[in-house]
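Welcome to this structure. Here are a few points to guide your first look, taken one at a time.

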Amino acid sequence: MQVALKIWRYDAATGQKALKDYEFDAPDEATLLDCLDIVKDRIDGSLAFRKSCRMMICGSCGMRMDGGAVLACKTRMYEIAEAGHIPVISAMGNLPVVKDLVVDMEPFWAKLRAMKPWLEPGYADPGETEHVVSQQAMSTVHKESLCIQCGCCVSECNALESSPDFMGPAALAKGMRFVGDPRDAATVERLEDYSTEHGIWECTRCYFCQERCPKGVDPRDAIAKLGAEAMRHGIDRDMGAKHANWFVVSAKTTGWLRETELVPKTQGIVTSIKQMKFAMGLAVKGKVPPPFPPHVAANQKEARALYDIVKEQGVSGAQGIVQAEKALSRIEHHEGGGAAAERGPYGPGSFPKPYLPGEQETEEGVAP
Amino acid sequence: MRAAVEAHDAGADVAIVSKLHPTRSHSGAAEGGINAALGNAAEDSPEMHAFDTVKGSDYLGDQDAIEIFTAEAPGDIYQLEHWGCVFSRDADGKLAQRPFGAAGSPRTVFAADITGHVLLHVLYEQTMKRMVQGSLQVYEEYFAWQLVVNDGRCQGVVCWDLLNGGVKVIGAKTVILATGGAGRLYRATTNAYACTGDGMAMALRAGVPLKDMEFMQFHPTTMYPSGILITEGCRGEGGYLLNKDGERFMAKYAPNALELASRDVVSRSETTEIEEGRGINGSVLLDLRHLGAEKILTRLPGSRELAMTYAGVDPIYDPIPVRPGAHYHMGGVETDNWGATELPGLYAAGEVACVSVHGANRLGGNSLMETITFGRRSGKAAAEWALSENPPVNVPESVLHDAEGELKKLLGRSKGERPWQIRDELGSSMLENFGVFRREEKMLAQLEIVDGLRERYPKVVVEDKGDVFNSDLTQAIELGYLLDVAACMLQAGIARKESRGAHARPYDYPARDDENFLKHSSTRWAGDGPELSYKEVRMTKWEPTERKY
């Protein structure tokens with residue numbers, strides 16, 4: 001296939017940036033990484049990018065395609081090239097560019113190290129054997145364990161763009177990896193650490209990290225799990241936690257969010273008084289409902305019943321989110337299978353059923 | 001990292017030098033698991049593990065090393081668990097174990113099908129813990145290029161600093177090589193771009209012998225055309241191998257073990273099916289459909305993701321096209337049971353080393369375990385050596401000067417061919433002439449090809465002349481490593497006139513010849529090429545017998 005790319009080149013020595021065009025022939029199965037290799041080998045040896053495993057596990061080749069982070073080795077080019085699209089390739093965002101598509105990852109690693117990302121065993125030393133834990137309990141951190149630290153989430157993080165000190169989605173997901181581990185003893189200490197100014201509650205919930213993660217770690221969900229765990233442990237001094245708590249109280253009592261009470265409940269009375277003039281202005285323009293009578297949902301009973309169902313299940317903190325994730329993954333394979341899912345593994349057009357040599361091959365095949 | 005953590009905890013001043021960030025290592029791509037006789041799933045013992053390993057090695061493995069390996073493996077697994085490794089669990093909450101090829105008991109501990117990934121990350125966590133304490137340093141994206149040998153011992157490494165440019169010399173009382181394999185010798189390989197035989201070539205050039213270099217393992221289930229690995233765990237969980245008719249052909253070659261015969265046997269069977277016209281597009285099929293969605297999603301999610309991304313196949317509904325691909329080098333830098341090489345101060349562990357635990361054919365699940373057990377042992381031994389009475393590090397100034405001169409020469413050249421042509425020719429011809437089945441005339445032809453490429457290599461051109469992230473330079477150097485390693489492999493392969501493990505010569509020497517070849521090959525660099533000799537296999541209690549699965 002004929003592939004065309006535009007690549008943002010950056011020369012560290014001169015500080016010059018330039019968008020350069022490349023056109024070349026590539027095998028149909030080529031990924032973006034294969035294409036960059038062709039450019040480097042045959043067109044311009046000075047093109048710089050990181051690579052290693054080319055199978056989505058080492059995390060080296062995070063970069064941007066048309067402004068969104070991708071793993072180059074996961075990105076197949078056939079459809080893009082056949083559509084005649086010329087993608088723009090550039091270095092990841094939110095990290096300093098070193099050369100071409102290579103960024104300085106040290107700020108990323110420094111934030112990771114700051115999470116104290118190692119197990120603090122919270123059990124008596126069992127000696128020469130394993131510590132027994134159920135698979136179900138370990139599954140809590142399954143998604144967070146998938147992280148390959150490629151930086152794609154950090155590249156796309158909107159909160160980081162405005163607050164460079166934000167711990168960021170990758171580091172927080174790593175934090176959840178330990179907070180959710182039933183063997184770890186430092187849960188409360190970690191949650192206190194992660195609830196500070198640039199932690200859990202600084203996330204703006206834009207979900208860009210979740211959308212761009214190439215491994216299904218779902219970093220925003222990991223941050224939500226940390227938030228839920230923090231509140232479960234009573235670590236809710238942050239305005240973000242108070243804000244979330246008020247949503248629950250409000251929904252439970254009147255079925256709807258009582259916005260006028262949200263400000264005092266989140267930011268406190270003093271701030272609310274300071275904001276009074278602004279609030280009055282909003283009220284005059286009809287932007288906020290009057291505080292009295294309270295905003296009550298028509299089916300308030302239904303809202304309470306929902307709340308009670310969730311409570312009765314006894315699934316609190318991160319487990320509530322994990323439970324939902326499991327339900328989603330159970331239906332996910334139907335999406336992944338596409339047309340194959342429709343016909344099933346042995347339907348018309350499928351590869352025949354296997355048989356052992358010597359066994360009579362019947363119309364249905366032989367299930368050995 | 002396992003060696004570094006051990007040496008650090010033994011009180012040594014330690015630095016990790018890596019051409020990649022540590023979590024980018026190709027150990028992370030290991031999928032199926034790690035073998036230790038815990039006996040959680042069925043009766044097992046280190047002795048059974050040792051016997052399976054000896055038999056799998058086609059009796060070329062050193063039995064004393066194998067006995068140490070299997071005896072110490074369980075303790076190492078428990079250590080990893082206490083460090084936080086997220087292994088999969090059985091119904092009782094103990095570490096789950098799955099069956100693997102040529103194993104007499106289900107002894108492969110795993111984390112779904114991302115075992116290498118979780119091991120790599122738990123080791124990096126332990127590394128970070130020591131980094132934060134300020135007592136362990138990591139020089140990442142430092143490309144180790146030459147060993148410093150002075151006063152008859154290894155005293156450090158010469159590196160190229162990728163991010164900032166410039167030659168950096170790191171002096172050290174001991175150096176442990178942990179640079180992995182050389183799968184990039186082959187066009188179809190499971191290995192990362194980084195697996196270019198760096199440590200093997202560096203040791204060779206420092207006068208240290210390599211052992212059993214003719215033995216390259218071909219993994220039976222790598223995807224067409226990328227060569228990307230699909231784990232043996234797929235067959236461990238019950239997957240079938242089918243030819244184009246849907247026949248489970250392994251029944252013809254290994255009537256008892258079927259799909260779970262050893263890797264050399266399965267790769268040969270697949271190649272025979274393909275060569276005899278019962279393949280599909282040069283591949284056979286790995287069929288997981290009967291396992292069902294639930295098992296595939298919980299036990300083999302990574303393989304499914306790989307198949308969907310690179311083969312366009314969802315294994316819940318369709319079989320995956322697979323074929324043998326270069327996977328693992330049984331040979332490597334010759335070491336003793338503590339990882340020490342012949343050169344004082346130089347140690348090696350993992351795929352770069354040859355202890356030898358794997359002999360002529362490695363069992364699936366034994367390589368991750370080897371990196372841990374012998375990583376730990378070499379770390380301990382190297383620390384003891386470094387902390388014992390020996391003279392301080394002495395690196396002559398000429399080392400830096402000479403290295404800079406050499407690079408200047410390489411970078412100064414602007415007319416000639418680009419390295420990729422040589423690399424591509426090497427990869428294609430090695431696959432064609434030194435693959436699963438080997439013929440005398442093809443091996444001789446390949447030797448000539450490699451000699452020709454080695455003549456062309458000194459004239460290659462590096463286009464990037466800059467200091468910052470000059471991977472054009474490092475890739476050119478890596479190609480030189482590959483060419484040296486290829487020359488060693490061919491010489492040893494031609495000389496081994498028998499079929500043993502991964503070295504199969506069905507056309508002229510179809511049988512194993514214990515009388516003449518129950519011995520390790522040993523290769524040294526002499527002048528401008530490899531020089532071959534032989535060494536005894538260390539036996540303890542298992543006499544060679546016929547090998548059947």
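Predicted model: local features only at pLDDT ≥ 70, side-chain atom pairs only at ≥ 80, totals over all residues.

1. Start in chain A, with helix α3 (residues 106-114) and helix α8 (residues 169-179), whose axes come within 9 Å and cross at roughly 25°. α3(A) and α8(A) are therefore roughly parallel to each other. Their crossing is right-handed.

2. Which residues bring these two helices of chain A together? From α3(A) come A:F108, A:K111, A:L112 and A:A114, and they meet A:A170, A:A171 and A:K174 of α8(A). By type, this contact has 5 nonpolar residues, no polar ones and 2 charged.

3. Helix α3 (residues 63-82) and helix α11 (residues 366-387) of chain B have axes that come within 9 Å and cross at roughly 95°, so α3(B) and α11(B) are roughly perpendicular to each other. On the α3(B) side the contact uses B:F69, B:E72, B:A73, B:D76 and B:L80, and on the α11(B) side B:M369, B:E370, B:I372, B:T373 and B:R376. These residues divide into 5 nonpolar, 1 polar and 4 charged.

4. Finally, look at where the chains touch: 62 residues of chain A are in contact with 65 residues of chain B. Elements of chain A that each supply at least two residues to this side include α1 (32-43), β6 (97-99) and α17 (318-337). α17(A) gives the most, with 4 residues. The side of chain A that touches chain B has 30 nonpolar, 18 polar and 14 charged residues.

Definitions and conventions. Residues numbered from 1 in each chain as written. Chains lettered and ligands numbered in written order. Axes fitted to C-alpha atoms, helices over the stretch in contact; angles between N-to-C directions. Parallel < 35°, antiparallel > 145°, perpendicular 65-115°, else oblique. Contact = placed C-beta atoms within 7 Å. Nonpolar A, V, L, I, M, F, W, Y, C, P; charged D, E, K, R; others polar. Left-handed = near helix turned anticlockwise from the far one by under 90°.
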